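Hi,

Here is the structure I promised to pass on. Have a look at it first, then read my notes below.

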Amino acid sequence: MGIILGIETSTHIGSIAVRIDGELKEERSLSQTGRRHAQTLVSEIRDLFRSNNVSPNDCDRVAVSIGPGSFTGLRVGVVFAKLMAYSSKCQLVPIDT
């Protein structure tokens, strides 16, 4: 089953989650203040991985919301997910919001 990172940035309250071997290990809400997903997403995911003792290179899949939702929020999530999948050679999985 491996490690799956989930990214949801289509709404005012974004969230990220990590699932390890079929078990949801942790979910975090992104900052609601000013909808700053672009400013907080990278550091929040870094902290999420650290708190669960995994690295981005351990990730098998990145699941990201693709809409409907806020166009700017979706762009932030999708661009991050695509870059992460490319750099860590994991599978990119688009998920309807």
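**What I found**

Let's start with a cysteine: at 10% relative accessibility, Cys90 counts as buried, where buried means under 20% relative accessible area, exposed means over 50% and partly exposed lies in between (1.4 Å probe, protein chains only). Before going on, note that this is a predicted model, in which local features need pLDDT of at least 70 and side-chain atom pairs count only at pLDDT 80 or more, while totals for chains, interfaces and linings use all residues. Residues are numbered from 1 along each chain as its sequence is written, and side-chain values use heavy atoms, with hydrogens and water left out.

Now for the inside. A nonpolar core here is a set of buried Ala, Val, Leu, Ile, Met, Phe, Trp, Tyr and Cys residues joined through side-chain atoms within 4.5 Å. The largest one has 21 residues, and Leu5, Ile7, Leu41, Ile45 and Val62 touch the most other members. At least two core residues come from each of β1 (3-8), β2 (15-20), α1 (37-51), β4 (61-65) and α2 (71-88). These names follow DSSP runs, numbered from the N terminus: helices are H or I with at least four residues, strands are E with at least two. The top contributor to this core is α2, with five residues.

Leaving out residues up to four places away in sequence, Val62 touches Leu5, Ile7, Ala81, Met84, Cys90, Gln91, Leu92 and Val93, with contact meaning heavy atoms within 4.5 Å.

Finally, the strands. Two strands pair if DSSP finds at least two bridges between them. β1 and β2 run antiparallel and are joined by six bridges; one pairs Gly6 with Ala17 in β2. A hairpin of six residues links β1 to β2. On to β3 (residues 23-29): β2 and β3 also run antiparallel, with six bridges, and Ile20 has Glu23 in β3 as its bridge partner. Their hairpin has two residues between the strands, and Asp21 in the turn has a positive phi of about 50°. Five of the six residues of β2 are buried, so β2 is largely enclosed by the rest of the structure.

Cheers
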